[in-house]
Amino acid sequence: MKYDTLHPFPPEFLWGASTSGYQVEGAWDADGKGPSIVDARTDFPAGTADYTVASDHYHHAEEDVALFGELGLTAYRFSIQWSRVIPDGDGVVNPAGIAFYHRLIDALVDQGIEPVVTLYHFDLPLALAEKGGWGSRATIDAFVRYAQVLYREFGDKVRYWLTINEQNMMVLYGQSLDILDGPANRGVNVYQKNHHMLLAQARAMTLLHDTVPGALIGPAPNIAYVYPASPRPEDVIAADDFNAIRNWLYLDVAVHGRYHPVAWAYLEAKGLTPVVEAGDDEIMAAAHPDFLAFNYYATHTVAAPAPDGSVSDPSDMDQQIAVGEAGVFAAVSNPYLPKNAFGWEIDPVGFRMTFRAIYDRYHLPLLVTENGLGAFDTLEPDGTVHDQYRIEYLAEHIEQIQWAISDGVQVLGYCPWSAIDLVSTHQGVAKRYGFIYVDRTDDDLRSLSRHRKDSFAWYQKVIASNGLPG
Ligand code: BG6
C-alpha cells in the first residue's frame, strides 16, 4: 500500500547502533577472563583475523563511548561476554569483568545513551562447552545463574535486556561456524540444544521480571521473511515451511510458550524432536517477552524442493542464506534484488514486510538490533572514509521502517550493525560495517586509531532530525 504521507518516527524512538562483545572487545584473556568457544576457534581461513584483539574496545571503551555520544546515539546495543564475568561459565564471578561492564554502562549513561544489553552472543564459555555445551541441561542452570549475576549488578542501570542473539542462526548454521557450542559437541541433536536454549531464555525472562521491576526483556533472533519463488502453490508451501522452520519456531516459543505446529511436524519428519521433560512446557508458557528484537539483513526466496533431492544455487552458500534442504525447500536467488560485495541480497522492502509479518503474528513492540552493510572501506591518507554505499543502504532501510510505522507497526528503535568496525563472524576485519573506522587490517594491528566515516556525519543528522533529513 502507498500512503500520501508517512507517519513520523515517534519522539522517543531509540536511534542506536550495535556490537557484540567478542567481535569488538579483544583482550580475550585479560584481567581474569576465561576462554569462550570463539577464542578456541582455530579454523580461520588464511589471512583472516581471530578475536584476540578485535577492535580493542576493552582498552578504548571511554574513547569509543565519547564517539557514540558525538554521533548522537540514544541507545547502544552490546553484549556482555559470559566468560569475562564468570570465567568457567558456572563458577566464581570475576570482579574485573564486572568492573569493566560497570565502567562501560556508566560511560553510556553519562552520555545519555540507553544501554541495550545482550546476555549472550555466540560466545559460550569454553569450560561449559567441554562439559557438553547446550546438549547438557546443566548449561541452562549456568545461564540462569549468569543472568542473575548480571541483573543483580546492572539491574538498576539497564532497562532493556536481550536474551540470546540469533539462536536460530546458531541452530541452523552454528555448527559450521563454531558459534554454537564447539566442535566437540557436534554429535548431539541440534534441536535438543535448541530446546535447552529456549528453556534458558524462558527462565531468564521470568527471572528478570521477578527480580528487577520495570526492566524489559526480549529475544533477538535473525528474522527474515521468506518469499515463494513463484505463485506456484508448491513454492508457496515451501516458503511457508521455511518461514516456520527459520523464523516462527523461535518466536512462537518465546511469545506463546509452544512450538509452531509446522516446525514441530518438520522435527518429527526428520527424527529431530527434542526430549521435553516434565515441567518444560510450564517454564516456556510462564515466560513473556516485553518486546521482540530482531536482526535483519535480507529476505530469502525459496522454491519447492527438487524431486531429485538436490539443493539450490551454490552461489548462495553463505551464512545468512539457506541453501535448501532435500524434501523441504530449495533456495533460489531473487532476480529482483541486487547483492552486496559479499553476495548478500539487499532488500529494504523486505524489511518492511518482515516488520509486518512479525507484528501481525505477535503484536509486541519491535526493536531492530542489527541491520547493515558489510563492505570493503578505504581509509584515505587524510583520515576520511567515503562510504556512500553504506549511507544509501541505511537510508533505504530507515525509509522502510517509516513505511512499517505508517502500516501501524510499533517500532521501538533501530540499532544498525555496527557502531564501530569489528571482526565479522567468518570474514575477518576486511568486511566492515561500522560508522567508525578502526585502523587495523586482518594481519596488521597498525594503530587501532578511530576515524569517523562519512556515514557517521550522515547518521548524526538522521538522529538529530529524528528521521531521514528532508
Ligand atoms: C549477525 C550476527 O549474524 O550478523 C553478528 O549477530 C554478525 O554477530 C552479523 O557479525 C554480520 O555477519 P558477518 O558474518 O558479516 O559478520
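**Figure 1. Glu 370 and the ligand in the predicted model.** A polar side-chain atom of Glu 370 is placed 2.8 Å from a ligand oxygen atom. Such a pair is a polar contact, that is, two N or O atoms within 3.5 Å; within protein, one must be able to donate a hydrogen and the other to accept it, and residues adjacent in sequence count only if both atoms are side-chain atoms. The model is predicted: local features need pLDDT of at least 70 and side-chain atom pairs count only at pLDDT 80 or more, whereas totals for chains, interfaces and linings use all residues. Residues are numbered from 1 along each chain as its sequence is written, and side-chain values use heavy atoms, with hydrogens and water left out.

Figure 2. An N or O atom in the side chain of Lys 431 lies 2.7 Å from an oxygen atom of the ligand. For the side chain of His 121, the corresponding value is 2.9 Å. The ligand taken alone exposes 380 Å², of which the protein buries 100% (accessible areas by the Shrake-Rupley method with a 1.4 Å probe).

**Figure 3. The shell around the ligand.** The ligand is surrounded by 17 residues, each with a heavy atom within 4 Å of it. Gln 23, Glu 166, Thr 425, Lys 431 and Tyr 433 are the closest. By class, the shell holds five nonpolar, nine polar and three charged residues; Ala, Val, Leu, Ile, Met, Phe, Trp, Tyr, Cys and Pro count as nonpolar, Asp, Glu, Lys and Arg as charged, and the others, Gly among them, as polar.

**Figure 4. The side chain of Asn 189.** This side chain reaches the backbone nitrogen of Tyr 191 at 2.8 Å and the backbone oxygen of Leu 272 at 2.9 Å.
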